[in-house]
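Hi everyone, thanks for making time for this. I'd like to walk you through one model, going from strands to a loop and then to the interface. Here it is on the screen.

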Amino acid sequence: MKKQQRFYYVYLLLIVLAGVVFYVSSPDHSVPVSEISGPKLSVHFLDVGQADCILITAPNGKTMMIDAGNNGDADVILDYLRSLDVDTIDVMVGTHPHEDHIGGMDAVIQAMNVDRIVMPKVSTNTKTFYDVLKAVRDKGLKVNTAKAGMSIPLDPDLQIQILSPKRERYESLNDYSVVIRLTYRQVSFMLMGDLETLGETELLESNDQLQADILKVGHHGSSSSTSARFLKAVAPQYGVISVGAGNRYGHPNPKVLERLEKVCQVLRTDRDGHIIIETDGENIAVRKMKE
Amino acid sequence: MQIVIDRFEGDYAIVELPDRTMVDLHRRFLPESAKEGDVFDIQVLVADSKERKEEISKLMNEVWED
C-alpha cells in the first residue's frame with residue numbers, strides 16, 4: 001500500500017470513529033434539535049438557582065410562565081425573555097406564594113404585557129407577596145383562583161389542565177401548589193411546583209391521567225415529594241429538577257435522585273443551566289445551556 | 001426590625017428581612033411552634049443587656065487577681 005493511500009484510510013477511520021464517539025456520547029437518545037420542525041412547543045426551565053421559573057412558548061407563539069424565581073432573579077428572567085424577543089406573558093401562574101416561586105413576579109408583571117394571572121387563593125405575610133399583589137393592582141389586572149379541574153386556554157393545540165390544588169384549605173403553602181399537566185399531541189409534561197406527598201396521594205386517588213414524558217420534579221427534589229408510587233404512575237422519560245448548587249437544604253435528596261435515575265434521565269438546572277425541551281408533539285429534543 | 005418566616009427547608013427557616021433579602025435561620029433560633037407567615041421582632045433588650053453586663057462585671061471582679 002502506498003504511503004498516501006494508507007494515510008487516506010487512517011483519516012477515514014478517524015472520521016468514522018469520531019462519528020461513533022459523538023453519537024454514543026450524545027447525552028440522550030432523543031432527537032437532535034434540528035429534527036424538530038414545524039409548529040413546536042418549547043418548555044424552558046430557567047436556571048434561577050434554588051427556585052423555580054418555567055417559560056412555555058406555545059406552537060401559536062403565545063407564552064405562559066410558571067413561577068418567577070427568587071427575589072434576586074428578576075434580571076435573569078427578564079434578560080432571558082428579551083433574548084427571545086418576548087414582551088408578553090399571556091398567562092402568568094404562581095404555583096404558591098413562597099419567595100422562591102414568586103420572587104421575581106412583581107418585576108415580570110411590571111416589565112411585560114401580562115394578560116392573565118392564575119394563583120391559588122391563599123395568603124402569606126411576606127413583603128414579597130404584598131409586592132406581587134401591588135404589581136397586579138397597579139397594572140389594573142385581576143387574579144384568577146387556580147383550582148383542580150380548570151383548564152387554561154393558550155393555544156387550541158395544547159391541553160393545559162390544572163390538577164391541583166384539589167381542596168380549598170391546606171396546612172402548608174407547598175400543598176397549595178398548582179400542578180399543571182401540559183399536553184401537545186402525544187407529548188405530556190407534568191409540572192409539580194412544590195407539591196408534596198399529601199398532594200401526590202390526592203392525585204393518585206383521583207381519576208387524573210398522570211403519565212407524562214417529562215416530570216418537573218416536585219419541590220426541588222426534596223424527600224417530601226416524588227414518592228415511589230407517584231413516580232411509577234407518571235413514568236417519565238425525563239425528570240427535571242430545578243435546584244441551586246450547594247444549597248443547605250439537602251436538595252435534591254439522594255434517595256429521590258436514585259429513584260428517578262432508575263426510571264428516567266435526570267436533568268438539573270444546577271448542572272445543566274437553563275434546560276429547554278422542545279417537541280413537535282411526537283419527538284422530544286433537549287438542550288442544556290451549560291453543555 | 002421585623003422578620004417574616006417565608007418557608008421551612010430542612011433544618012432552616014428562610015426568613016424575609018424588611019428589604020426582601022432572604023436569610024437562612026437555623027430552626028433552633030425559633031420557637032417550635034413557629035410557622036410560615038409568623039412575624040418576629042428583632043430588637044435590643046437594653047435593660048437585659050445592662051443587667052447581664054453588670055452581673056458579669058461583678059463576677060469578673062471577684063475572680064480576677066490583678
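Let's start with strand S2 of chain A, residues 54–57, which is covered on both faces: Ile54(A) and Ile56(A) on one side, Leu55(A) and Thr57(A) on the other, all of them buried. By buried I mean under 20% relative accessible area, with exposed over 50% and partly exposed in between, using a 1.4 Å probe and protein chains only. Strands here are DSSP runs of E with at least two residues, helices are runs of H or I with at least four, and both are numbered from the N terminus.

A quick word on the ground rules. This is a predicted model, where local features need pLDDT of at least 70 and side-chain atom pairs count only at pLDDT 80 or more, while totals for chains, interfaces and linings use all residues. Residues are numbered from 1 along each chain as its sequence is written, chains are lettered from A and ligands numbered from 1 in the order in which they are written, and side-chain values use heavy atoms, leaving out hydrogens and water.

Back to the strands. S2(A) runs antiparallel to S1(A), residues 41–45, with 4 bridges joining them; two strands pair if DSSP finds at least two bridges between them. In that pairing, Ser42(A) has Thr57(A) as its bridge partner, and His44(A) has Leu55(A). S2(A) is also joined by 4 bridges to S3(A), residues 63–66, again antiparallel, and there Leu55(A) stands opposite Met65(A). S2(A) and S3(A) make a hairpin with 5 residues between them, and Gly61(A) in the turn has a positive phi of about 95°.

Now, S1(A) itself. Since 5 of its 5 residues are buried, S1(A) is largely enclosed by the rest of the structure. In a regular strand, side chains alternate between the two faces of the sheet. Here Leu41(A), Val43(A) and Phe45(A) point one way, and Ser42(A) and His44(A) the other. S1(A) also pairs with S13(A), residues 275–279, in the antiparallel sense over 5 bridges, and Val43(A) stands opposite Ile277(A) there.

Next, a loop residue. His219(A) sits between strand S10 (214–216) and helix H7 (228–234) of chain A. Is His219(A) buried or exposed? At 3% relative accessibility, His219(A) counts as buried. Among the residues that His219(A) touches are Asn174(A), Asp194(A), His251(A) and, from the other chain, Glu9(B). Contact here means heavy atoms within 4.5 Å.

That brings us to the interface. In all, 14 residues of chain B are in contact with 20 residues of chain A. The two chains bury about 1500 Å² between them, 41% of it on carbon and sulfur atoms; that is the accessible area (1.4 Å probe) that two parts lose on being put together, summed over both. Arg7(B), Glu9(B) and Arg20(B) supply 40% of the area that chain B buries against chain A, more than any other three residues.

How many salt bridges are there between chain B and chain A? The count is 5, taking a side-chain nitrogen of Lys or Arg within 4 Å of a carboxyl oxygen of Asp or Glu. One of them joins Arg20(B) and Asp106(A), at 2.7 Å, N to O.

Finally, helix H1 of chain B, residues 46–63. The number of buried residues among its 18 is 0, so H1(B) lies largely in the open.

Methods
Lists of a residue's contacts leave out its neighbours within four places in sequence.
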